[in-house]
Amino acid sequence: MNLPARSMAAPALASASSAPGVPADLLHGLAVRPPRMGWDGLRYQGDALADARLDAARAMAGVVSVVRQGHFLGVVAMAPVHAQQAAVALAPVWRGMDAGARSDADAGAGAGAGAGDLRPDAQAGDAFVWHAPGADAPAGVRAIAWCLDGHASLWLPACAPEVQALIVGEIAALLQLPVQAVRLFLIDGPVPHALALMDAAADAALLSRAVGRPVGVPCRMAAETRALVLHPLQEQPAAPGAALRPVDGSGDGAPQPPAASFGFSSPLPWAVRPSCARLLGQSGAARAAALPGVRGAGTVQAGPHASGLAQAGVDDFNAAQVFASESLWHERALEQGHDPLDWRLRHLPEGPARDLATRVAQSAPWRGEAQHADGRLHGRGFATACVQSLDPEGRDCTVWSAWVAEVAVHPRTGEIEVTRVVAGHDSQHLQAVQGASVHAQTVEQDAHWLAGARRLLGAPPAFDDWRSPAGAAATDAPAAGGALMASAPGDGPLIRHGQLGLDGVATLPAAAAIANAIRHATGVRLREVPFQTEPLRRALAGEEGPDVPRTRSPLRRGLGWLAAGAAGVAGLAAMAWPMKPALPLTDGPDASLYSPQAIERGRLVAAAGDCVVCHTAPGGAPNAGGLGLETPFGTIYSTNITPDTETGIGRWSYAAFERAMRQGIHQDGRQLYPAFPYTAFAKLSDGDLQALYGYLMSRPAVQARAPETQLAFPYSLRPAMAGWNLLFHDATPFQADPVRSADWNRGAYLVQGAGHCTACHSPRNALGAEKGGIHYLGGGEAEGWSAPALNRLADGPRPWSRESLYQYLRTGFSARHGVAAGPMAPVIHGLAELPDADVRAMATYLMELPGQAPQAAPAQVPAPAPAADATVATASTASTASTAVPMPAPARTLDRHADGERIYQNACAVCHEAGSGPTLFGAKPQLGLNTNLHAATPDNLVQVILHGIQEPADGALGYMPGFRDSLNDRQIADLLGYLRARFAPEEKAWPQETETVRRLRATAHAGAP
């Protein structure tokens, strides 16, 4: 099979060891994207920039420049938070695409970023559909560019040579420089998707050229079209000399039919798209930077219509073509009455390709005849692939891979299981490493490959899947973790060759092998990847064999319900029984038995749950306990959860740990108070609890005895908590909602479980239990702060969007709502440890809670397009966008708050007046957009004025001094009245402001921010 190969020569690169360090005077950039973007292979097809508040953004503190070129809009600032704040202040207005210029596919599916995935009809004709997997840029990854005097320098993570060549060529095309004028330096860090890295590098280059200084831009991946549709064309004869002879040694000498080479057409441009910066900045002529060449008779024809920006790269196109081609090989063999495996082997070219495929096939003898007794349908499929690639020294090489996959299909449900994988891989460039002839080694039942194969089945990731934001595998990961091994003849040592993911060359045949196995088992051809069980179930409906289990009789069903009811009653009785037995102490687990992956998973669970926040006293060792938690029933002290054997949990068994987390029962049998949120931790999966246990037991042991909790009668009666649990506690682990998306379920799991958001954001009844139903996440209190409602974020005068909520959870700052303070600041610290996908999943869940109003689409205001060659913006433009700061209150209203205004001008204006003065401490929040000023009570605003922000959620946000010792209650009340009247004039004045200040000042405890 001949596939597209890289056509651009690799650039001359500086080695990672000799690369200069990241520039010390680095600026931070951010580009603003249109709601809809598309590309037809030649030019930009998307929303046009009509207007933006350029001068307003340029006047903001910390902003170095605003850049507008064509439809490209970006900012350069001193810190990321300044760039984010300025990007919001730009309030761009986009002109919608001309309806006549949009393709039918676009009109029907809303192509482009932000419009969702284009999902063509997979059942139309003989089309094959490949949905490229989504790519989430790891947190903290950025591209850096420095463009000066006709040269450009790039600092990027150490990506593959093909990606390096692609990015260097793209930057040269964007800046209209020769490739030799672009220098590339490789730095350490996780590597994001190639297109995310290319977009970030191009944004950085365009912004750096405008300011003449080094600029870093974070990598991010917008929602893009990911569906690749291939339509088979008429078969073409192979090139001359392609006639093959049988491999079985038959001596008739008759040549076999020539190998068929299948051609395909696609509505997507068959090339890697240009960067978003070039599409927007040079929209009239945006050809691909690197159009993969097509070798041999294999052809791909692209349709002329505009499409969304394909996130897929060359590997995805190769995978789609292999899937379609190898599926057709299987079908052609069946049509002609041949065994598909034997037929495919006969038509492979002699040499490494046929040798590898034969070896893989011989390593996977068919055992399906003995498997049908279990009622499942079993099948085996074969597929192979070839691709031109680069070796580590930049030379072309041919890489072959072959797969045999076995599947089992449940005929009633259509559920597909990959039961066995045998795969092989061969490449010429291993010879340079080995120094001898190298033969591929087949790998059977490799855990990594099995997991990758199962991802093709369309099953969403489990709700308790964790991904480290660092993206780095443990150094002592087992060999089965995806490493391919090659060996020379004889007893020479094995040589590891890279870590290949699902889109690597070795796994290209995976989808076709599984599809062919499903066809073998069921007679049904699935043409869309990932494979979905519902179409298969429908195709198999009415074909149940005699071995399918029958429905149980009514008597058996009744007995089953009776048994289940009895078990439920027994469980409730056990929960309500006040006296619980102590579980025996142990010598403690051997932490070395936990793999690095399990420890990392436990670390992320602990970060999501903010364990260290509540279990660390001021000035104390992490997790050593002793923090006093104020409750309406008295002060409860957190316990030592380090593995100390005397004062911690070092001798707790896992059974004791799990009981405490799920049921709120101490190892010695005492009932725990629900200030420890076991009501939420019970939602954690078994895997997460086990990983958390291993992580805590791997931490340093600290001997520290926490103060004893002593509540007044009757709250001191711990056995009474058994009745409380019976009334208010559900220990059932989280169950995913099958009708919801994987992101929604992941977000629900984090919010309801480890994140225990309801502990602060849900109201409580008289007995301290969280209210559910319509009160779920309806707002609560925490440490004297008001925790706002999360169940109607899209409503109200200052509605949240999914993106603004994500930015707030990720950075602790939203330009439209304010800065995280008080108890929320440490929550942001914990969320910063989580991968980006988890934070987005939480935002997805919270924005889609019942009762949330649908978000209105941004207004598209028709206006003349700006000049295409505009450079750095210097002129002011007007805008009536809804994100503008509210108009000030009338003067006669503010006259009543003259004292408050004087205090504001002396103590607050230097940091909070937009466009005036320097940024002294970090961000410059716009008070007119601050959520606290529009809240029903002034509690949070009073807390911030009294205590300031001494430990911000992000260091770049800066701190705010407290005025507890410099302003009295009357002065703070005057300030509150002025702020409310000026920045939230549409809201009613807060009553009894002085009383609120007096109450919160009196209840403030030591150590509060």
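A salt bridge is taken here as a side-chain nitrogen of Lys or Arg within 4 Å of a carboxyl oxygen of Asp or Glu. The views show a predicted model, in which local features need pLDDT of at least 70 and side-chain atom pairs count only at pLDDT 80 or more, while totals for chains, interfaces and linings use all residues. Residues are numbered from 1 along each chain as its sequence is written, and side-chain values use heavy atoms, with hydrogens and water left out.

**View 1. The salt bridge between R36 and D47.** The structure holds 31 salt bridges, and in the one between R36 and D47 the closest N and O atoms are 3.1 Å apart. The pair links distant parts of the chain, with R36 in the loop between β2 (27–32) and β3 (38–39) and D47 in the loop between β3 and β4 (48–51), 11 residues apart; helices (H or I, at least four residues) and strands (E, at least two) are DSSP runs numbered from the N terminus. R36 is partly exposed at a relative accessible area of 22%, whereas D47 is buried at 0% (buried means under 20% relative accessible area, exposed over 50% and partly exposed in between, with a 1.4 Å probe and protein chains only).

**View 2. The salt bridge between R601 and D688.** The N to O distance in this pair is 2.8 Å. Because R601 belongs to helix α15 (residues 596–609) and D688 to helix α19 (residues 686–697), the pair ties together parts that are 87 residues apart in sequence. R601 is partly exposed, with 24% relative accessibility, and D688 is buried, with a relative accessible area of 0%.

**View 3. The salt bridge between R802 and E848.** The closest N and O atoms of R802 and E848 lie 3.4 Å apart. R802 is in helix α23 (residues 802–811) and E848 in the loop between α25 (836–847) and α26 (891–894), so that distant parts of the chain, 46 residues apart, are linked. Both ends are partly exposed, R802 at 33% and E848 at 29%.

**View 4. The crossing of helices α21 and α25.** The axes of α21 (residues 742–752) and α25 come within 7 Å and cross at roughly 90 degrees, where axes are lines fitted to C-alpha atoms, for helices over the stretch in contact, and angles run from 0 to 180 degrees between N-to-C directions. The two helices are therefore roughly perpendicular, a term covering 65 to 115 degrees. Contact (heavy atoms within 4.5 Å) involves residues including W744 and L750 of α21 and M842 and Y845 of α25.

Key. Parallel < 35°, antiparallel > 145°, perpendicular 65-115°, else oblique.
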